[in-house]
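I opened this notebook to record what I looked up in the structure. Each entry takes up one topic.

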Amino acid sequence: MTYPIQKVKDSYILKLHSKLYDPVILSKALRGWIGSRASITHYSKDCQIICIKTQKRESALQLANHIFAFNRVNG
Amino acid sequence: MPLPIAVDKENNTVKLSVNSKIYSLETIYAAGYLFLDKVYILLDEGRSNHIDVHLFPQNSSMDLKKTAFEFYNELLNYSHYFSRAKMNADTAKLILQRAFFSLSPEIKQESEDQEIKDLLSEFEKEKFGKNSRVNKK
């Protein structure tokens, strides 16, 4: 089974699809996380996938829930 | 028939496959919101027209299969709620309008006055139109 959270070296990469998470809402949700607990590592060429790197698996999961809640409330 | 639920006991996660033709993304968000305090949720693109919902339990003693089935129940619940809300939108709007009017009689009076004004102006327009046609003849 493939997961949208993958361990790469010492960090965890969270893979988010722009079809499932609105990029505008995503940018707002990431405020406060980028620079402290997470960083954007990669955009796919067509900007469909955004990868976010965190140091801990727990942080990646918490961020996933935070983005999910943000999409629910603001979507 | 294979279940659209894949439990991974080793990693303590469960993956649900949701058909996006049946359940909208809005419904998935609404259903998932109820589980945010129990599980971590991650959405991923699945095979054709499917959305994969990954559930990661926040405490290890959770029954993953049961949670997955509960998630499906909530999907149905919200799907029904949204379809009903869509169907009853006009009626709800009408009831709200009536409630606001009954709260403030001034608004009702104003709207009645406006209605009478509109009717009179329409009537005058019609009358003027007829007169101009008679004058032309």
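**Ground rules.** I note that this is a predicted model, in which local features need pLDDT of at least 70 and side-chain atom pairs count only at pLDDT 80 or more, while totals for chains, interfaces and linings use all residues. Residues are numbered from 1 along each chain as its sequence is written, chains are lettered from A and ligands numbered from 1 in the order in which they are written, and side-chain values use heavy atoms, with hydrogens and water left out.

**Interface, extent.** I looked up the contacts (heavy atoms within 4.5 Å) and found 24 residues of chain B touching 23 residues of chain A. The buried area, which is the accessible area (1.4 Å probe) that two parts lose on being put together, summed over both, is about 2200 Å² here. Carbon and sulfur atoms give 65% of that area. I recorded that Y29(B), Y40(B) and L42(B) supply 32% of what chain B buries against chain A, more than any other three residues.

**Interface, polar pairs.** I counted polar contacts by the rule: a pair of N or O atoms within 3.5 Å, where within protein one must be able to donate a hydrogen and the other to accept it, and residues adjacent in sequence count only if both atoms are side-chain atoms. The rule finds 8 residue pairs across the interface, both residues at pLDDT 80 or more. β1 (5–8), β2 (13–19), α1 (25–33), β3 (39–45) and β4 (50–57) of chain B each supply at least two residues of the side that touches chain A. β3(B) gives the most, with 7 residues.

**Salt bridges.** I searched for a side-chain nitrogen of Lys or Arg within 4 Å of a carboxyl oxygen of Asp or Glu, which is the definition of a salt bridge. In one of them, the side chains of E45(B) and K19(A) meet at 2.8 Å, N to O. This pair crosses between chains, from strand β3 of chain B to the loop between β2 (11–17) and α1 (23–29) of chain A.

I checked accessibility with these classes: buried is under 20% relative accessible area, exposed over 50%, and partly exposed in between (1.4 Å probe, protein chains only). E45(B) is partly exposed at 32%, whereas K19(A) is exposed at 53%.

K15(B) and D52(B) form a salt bridge at 3.8 Å, N to O. The pair links strand β2 and strand β4 of chain B, 37 residues apart. K15(B) is partly exposed at 21%, and D52(B) is buried at 9%.

**S17(B).** I found S17(B) in strand β2 of chain B. S17(B) counts as buried because its relative accessible area is 13%. Leaving out residues up to four places away in sequence, S17(B) touches P4(B), R47(B), H50(B), I51(B), D52(B) and Y72(B).

**Positive phi.** Where does N12(B) lie? I placed N12(B) in the loop between β1 and β2 of chain B; its phi is positive, about 55 degrees, although N12(B) is not a glycine. N49(B), in the loop between β3 and β4 of chain B, has a positive phi near 60 degrees.

**Helix α2(A).** I noted that α2 (residues 57–74) of chain A has 18 residues. Its buried residues include L61(A), L63(A), I67(A) and F68(A).

Technical notes:
Helices (H or I, at least four residues) and strands (E, at least two) are DSSP runs, numbered from the N terminus. The expected span of a helix is 1.5 Å times one less than its number of residues.
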